[in-house]
Amino acid sequence: MDLDGVSALVTGGASGLGLATARVLAKRGAHLTILDLPTSAGEAVVSEFDGRASFAPADVVDTESVSAALDLAESHGPLRAVVHCAGRSHAMRILDKQGEPNPLDNYAGVIETNLIGSYNVLRLSAARMARNEPLGDDRGAIVMTASVAAWEGQVGQIPYASSKAGIVGMTIVAARDLAQHQIRVATIAPGIFDTPLLGRLPQNVRDSLGASVPHPKRLGAPVEFGELAAHILENSMINGETIRLDGAIRMAPR
């Protein structure tokens, strides 16, 4: 798929991996709709795109606000590209320090945002794409975001790891399901990336995390995620696959 002139939606696009992806897609000539929470920096972020980006305040689990974001994206042309980066984490163990089960709400909240939110964006976007005329091989393509925690979740990551493993499991099924509509689905599973979350850590901790990557021994750059997302959108043979983007890291238990 040629991204020049295409309408593209990036969720979680006001910061981190999402913002880096939006910048890469804009350089390829796409018109961006950046979906992020109303409390995000989305309004300020779109100003850097010289009129080629719009901000859609939305929560990925809310059908009405996601649908409004898709309406906005389609006002710039048929929606053909979606990169879904929005997500959250919550550190918790199964049992608390007294040996009692931790609250179910803490687990359910992460599952709702990361897994149900991913499915919500997937289903609503696919319905729009299915109405498109084909552009080359595709009517559209959707890139989702998992994590290496889907395979090697660390102690305290049980909600996050569960949600990301669900996205990995969703990928091939979604690709097979939507093949009849000429819509591709693929997923990126990043390792340790230099996002604003890690930016709050002391430099020595960041250096240690980077050194744990076999090669290259550094944190991933968000633009590297964005470049892979763009390549997936452009390459019509990438479908139903989850691609680890991690420098060959395999996470330790802690």
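A: Start with one term: contact means heavy atoms within 4.5 Å. Note too that this is a predicted model.

Begin at V83. Leaving out residues up to four places away in sequence, V83 touches L9, V10, T11, T21, L25, V143, F225, A229 and L233. V83 belongs to the largest nonpolar core, which has 34 residues. Along with L25, L32, I34 and L233, V83 is among those with the most contacts inside that core. Two or more residues each come from β1 (7-11), α1, β2 (31-36), β3 (53-57), β4, β5, β6 and α9. Helix α9 gives the largest share, 6 residues. In soluble globular proteins, nonpolar side chains tend to be buried together. There is also a second, separate core of 30 residues, with A73, M144, A146 and V168 among its members.

Now the helix itself. Which residues of α9 are buried? They are P222, F225, G226, L228, A229, A230, I232 and L233. An α-helix has 3.6 residues a turn, so residues three or four places apart point the same way. The cover over the buried residues of α9 includes α1 (16-27), β4, β5 (140-145), β6 and β7 (242-245).

R184 sits in β6, residues 183-190. R184 counts as buried because its relative accessible area is 3%, and the cut-off is under 20%. Leaving out residues up to four places away in sequence, R184 touches I232, L233 and E234, among others. Its other contacts include N235, S236, I238 and N239. D138, G140, A141 and I142 are touched as well.

For contrast, look outside. G136 lies in the loop between α4 and β5. G136 is exposed because its relative accessible area is 67%, and the cut-off is over 50%. G136 and D2 are 134 residues apart in sequence, yet 8.4 Å apart in space, C-alpha to C-alpha.

Some nonpolar residues also face outward. I94 is in the loop between β4 (79-84) and α4 (104-129). I94 is exposed, with a relative accessible area of 56%. With L95 and I158, I94 forms a nonpolar surface patch. Together the three have about 270 Å² of accessible area.

Note on methods
Residues are numbered from 1 along each chain as its sequence is written. This is a predicted model: local features need pLDDT of at least 70, side-chain atom pairs count only at pLDDT 80 or more; totals for chains, interfaces and linings use all residues. Side-chain values use heavy atoms; hydrogens and water are left out. Patches are made of residues with over 30% relative accessible area and no salt bridge: like charges are joined within 9 Å, nonpolar side chains (Val, Leu, Ile, Met, Phe, Trp, Tyr) within 5 Å. Accessible areas come from the Shrake-Rupley method with a 1.4 Å probe; for residues, only the protein chains shown count as cover. A salt bridge is a side-chain nitrogen of Lys or Arg within 4 Å of a carboxyl oxygen of Asp or Glu. Helices (H or I, at least four residues) and strands (E, at least two) are DSSP runs, numbered from the N terminus. Buried means under 20% relative accessible area, exposed over 50%, partly exposed in between (1.4 Å probe, protein chains only). A nonpolar core is a set of buried Ala, Val, Leu, Ile, Met, Phe, Trp, Tyr and Cys residues joined through side-chain atoms within 4.5 Å.
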